[in-house]
Amino acid sequence: MKETIQNVIEKYNRDRNRLMDILIAIQNMHQHIPEDAVSIIADQLGISKVDVKQTITFYHFFTLTPVGEYAVYLNDSAVANIKGRAEVVQAFEDELGIPFNSVTTDGLIGIWDTADIGMNDQEPAALINGTVFTNLTSEKVKSLITGMRAGKDMLELMRVIDAELDGPELLSTMVKNNIRQKGAVLFSDAYEVGYALRQAINRTPVEVVDEVKRSNLRGRGGAGFPAGLKWDFCRQSRGEEVYVVCNADEGEPGTFKDRVILTELPKLLFEGMAIAGYAIGAKQGIVYLRYEYRYMLEYLESILQELRELNLLGKNIAGKAGFDFDIRIQLGAGAYVCGEETALIESMEGKRGEPRNRPPFPVQTGYLNKPTVVNNVETLCSVVQVITEGAEWFKSFGTSDSSGTKLLSISGDCKNPGIYAVEWGVTIQKLMRRTGANNVQAVQIGGPSGICIGPDQFDRGIAFEDLATGGSVIFISEERDLLKDFVLNFMNFFIEESCGSCGPCRSLNVILRNKLLKILDGNGVEQDIDELYKWAGVGRSVNRCGLGQTAANPILTTIENFRHLYEDLVQMNESFVSAFDMESAVAESCEVVGREPNLSR
Amino acid sequence: MSKKILATTSLAGCFGCHMSFLDIDERILELIELVEFNKSPIDDIKTFTKECDIGLIEGGCCNSENIEVLKEFRKHCKILVSVGECAIMGGLPALRNGISIKECLEEAYLNGPTVGENTEKIMPNDPELPMLLDKVYPCHEIVKIDYFLPGCAPRADLIWNALVALVTGNELELPYEVVKFD
Ligand SMILES: Cc1cc2nc3c(=O)[nH]c(=O)nc-3n(C[C@H](O)[C@H](O)[C@H](O)COP(=O)(O)O)c2cc1C
Ligand code: SF4
Ligand code: SF4
């Protein structure tokens, strides 16, 4: 073992900043990070064992105990649950004779919960040793288990359940892209590889930044910061060494548009990164790819190689003397908060993904403390079309505050879940007609951290100035239990994913979730609703990053728009209800000491 | 104005909150001008002899007796106040909440390093004893609590200010020094 670990460490030049890559390799080899490996890594990288361990324990896909030769990670998102996850869980547990979140005694198969894996349009879905299995049923689970017991590899396992495999050879996958509506900016047939990059290098970097500024292109990752301005700030930092980072962490439950771009249009993305590199003077670009999308890694690497061969990456790109730029892919290891740009940078440096204090902003002090532009996948792709067609053309789409088009990942209760490229401003009603969503009780926009609205607001439009979204739209039909199936699931998600730095994020969300449970269990009173609402509003101003600032949104926005659902559950005429039950509370202790419970009083 | 009647108790607490209460020092003389004590360790009245205006609760609920006492307090006091971390959140005793009750009892009576000879492996099981609960509960999960005074222990000034406000009906004074915890 020592030797293989040594080799891994050498492969990454004993670079402390590559700890993530080292750990990913070792986890894959041993299905966990053995204690001995921790010592060797610490020793070789010149850091303490605690440094290694704190990184390991931060990420969902690093473990200190084995997760099984076949590690099954079943998505636990709200949409997975309404699409029949319980049946799949049951099938796994029955067939294997173990509860979820444990490993069979022979160490062969482990079954684990995991947060949204970006497959909301084909749930229930799971990752098995990094390969995605979609549209699972109890029947398929049985076949998969037989296959795993027979020692089949991933390709064979997919065949066991008769999966229709899509994509080029390096990307044989069950994952469907479900592009339902193409748009002028993305998925237009007009894209020609390298055209925009050649246009860009015929202009000065400042002219490129100005063109992007003029287009009013705003970040597509959620926050909507103007891309051109961000690039300008980075230029103003005047760093010798600067970086372009593409945020492909796509962790917001219900979002999967970056996945589709990465599979369908990787060249468009890499070209966008090269243009950004030219504009800000970077030599290195890094794609931070969420671990859940690891199945694309080889394929993406091959595309990068192709672009190098076309001289669209590498040295003196497209014949422009002195324009050197290349891209590497950095895998994450399962942590939603790493989508936050400063946490992402920490993670790229091999640390726990804890957000940094801002300022300084990444454009001042980013990756390796150098000025860094972090942009979403879709933002960087849009840049290519801005350069090709010009800012005016781009602005002719959308609304005044939100120019261009937007990729929406639509899922939940509708006939045609998938990807829709729409112009900003499109109304919810229109989306419902296009996707075949009927009897809609609520729409969750922007994922759990966004807002939940009811039918009286379906005439509102998707735009930064109205309903802002990084891309997730989830339709929720009337038959669903909005509070239990969605709000509770979302709160559990945030509790699980909080990095734990800020007290209020770490504790208040648990308190809110428990109060919600109290109401769901029928033990709430009206005062509980008012307190929930009041307390939920606190997180926005006292937490460091967007996670903690928006974690209570599921509760806040459903109390605002669906208060009657809460009122139906609470005991309106009582001032207090206790869920305490003496009989069950004393049962165990009486049994252990060997006495009869005395419940007479 | 007739005096308000005050009761206090320590449930699963360490008596630190009561000690902090006594830290009001000579103001206790002012206090007895304002209130009359009923059931409380301070005057050692063991059962309620009157209906009370204010009940101060230290500690959460770890056994059946705590529950009974707390319910008694709710019955006899117009206003109930959770005083200190243990009453509000379970506090230190609630550290056992992540451990099974079986493991706790075995550690305390059979396996712990300070256990002497216990060859018969006896654990306290006299029917007179209170029964342990599966976990330590904060008071507001058992009965309605009207006010919460945070701290471990809350400062004497906070307890004092709160009592004066409750008795006089004036607004509670909460200067920063009184609620800062470190
Ligand atoms: C908790 C949290 C998670 C985030 N996740 C993502 C993500 O998965 N992808 C993304 O592009 N931006 C994400 N963001 C936003 C990023 O911090 C950042 O604003 C964005 O990557 C900037 O790119 P853009 O301006 O092109 O949108 C997240 C923010 C927070 C607070
Ligand atoms: S708000 Fe939450 S996730 Fe963000 S830094 Fe604070 S604890 Fe971490
Ligand atoms: S809050 Fe602190 S002082 Fe008060 S009872 Fe608990 S441990 Fe003792």
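Chain B of this predicted model contains 7 helices and 7 strands, where helices (H or I, at least four residues) and strands (E, at least two) are DSSP runs numbered from the N terminus. Read along the sequence, these elements follow the order β-α-α-β-β-β-α-β-α-α-β-β-α-α. The C-alpha trace of chain B spans about 60 × 40 × 30 Å along its principal axes. Of the 182 residues in chain B, 43% are buried; buried means under 20% relative accessible area, exposed over 50%, and partly exposed in between, computed with a 1.4 Å probe on protein chains only. Among contacts in chain B between residues at least 6 apart in sequence, 73% join residues at least 24 apart, a contact being heavy atoms within 4.5 Å.

As to conventions, residues are numbered from 1 along each chain as its sequence is written, and chains are lettered from A and ligands numbered from 1 in the order in which they are written. Local features need pLDDT of at least 70 and side-chain atom pairs count only at pLDDT 80 or more, whereas totals for chains, interfaces and linings use all residues; side-chain values use heavy atoms, with hydrogens and water left out.

Chain B also surrounds ligand 3. The shell consists of B:Gly13, B:Cys14, B:Gly16, B:Cys17, B:Glu58, B:Gly84, B:Glu85, B:Cys86, B:Gly151, B:Cys152 and B:Ala153, a residue being near a molecule if one of its heavy atoms lies within 4 Å of it. Helices α1 (16-22) and α4 (85-89) of chain B each supply at least two residues of this shell. By class, the shell around ligand 3 divides into 5 nonpolar, 4 polar and 2 charged residues. In this scheme Ala, Val, Leu, Ile, Met, Phe, Trp, Tyr, Cys and Pro count as nonpolar, Asp, Glu, Lys and Arg as charged, and the others, Gly among them, as polar.

Chain A has 25 helices and 15 strands. Its radius of gyration is 25 Å, close to the 25 Å that the globule rule gives for 601 residues, so chain A is as compact as a globular protein of that length; the radius is taken over C-alpha atoms, and the rule is 2.2 Å times the number of residues to the power 0.38. The C-alpha trace of chain A spans about 90 × 60 × 50 Å along its principal axes. Buried residues account for 58% of the 601 residues in chain A. Of the contacts in chain A between residues at least 6 apart in sequence, 70% join residues at least 24 apart.

Ligand 2 has 13 residues around it, of which A:Cys499, A:Ser501, A:Cys502, A:Cys505 and A:Cys545 come nearest. The shell around ligand 2 comprises 7 nonpolar, 5 polar and 1 charged residues. Ligand 2 sits in the largest cavity. A cavity is a set of points, on a 1 Å grid over the protein atoms alone, where a 1.4 Å probe fits but cannot get out, and a molecule sits in it if more than half of its atoms lie within 2 Å of its grid points.

Helix α23 (residues 546-550) of chain A includes A:Thr550. This threonine counts as buried because its relative accessibility is 18%. Leaving aside residues up to four places away in sequence, A:Thr550 touches A:Ser449, A:Phe494 and A:Arg540.

Helix α11 (residues 227-236) of chain A has A:Ala227, A:Gly228, A:Lys230, A:Trp231, A:Asp232 and A:Cys234 as its buried residues. Their cover includes α10 (205-214), α13 (266-280), α15 (341-348), β10 (372-376) and α16 (377-389) of chain A. After α11(A) comes A:Arg238, whose phi is positive, near 50°.

The loop between α15 and β10 of chain A holds A:Pro359 and A:Pro360. A cis peptide bond joins A:Arg358 and A:Pro359, with omega about -5°, and another cis peptide bond joins A:Pro359 and A:Pro360, with omega about 0°. A:Asn369 also lies in the loop between α15 and β10; although not a glycine, A:Asn369 has a positive phi of about 65°. With a relative accessible area of 52%, A:Asn369 is exposed.

A:Lys53 lies in helix α4 (residues 49-58) of chain A. At 28% relative accessibility, this lysine counts as partly exposed. Beyond residues up to four places away in sequence, A:Lys53 touches A:Glu35, A:Val38 and A:Leu64.

Notes
On a 1 Å grid over the protein atoms alone, a cavity is a set of points where a 1.4 Å probe fits but cannot get out, and a pocket is an open set with protein on both sides within 12 Å along at least five of seven lines; lining residues have an atom within 4 Å of a point.
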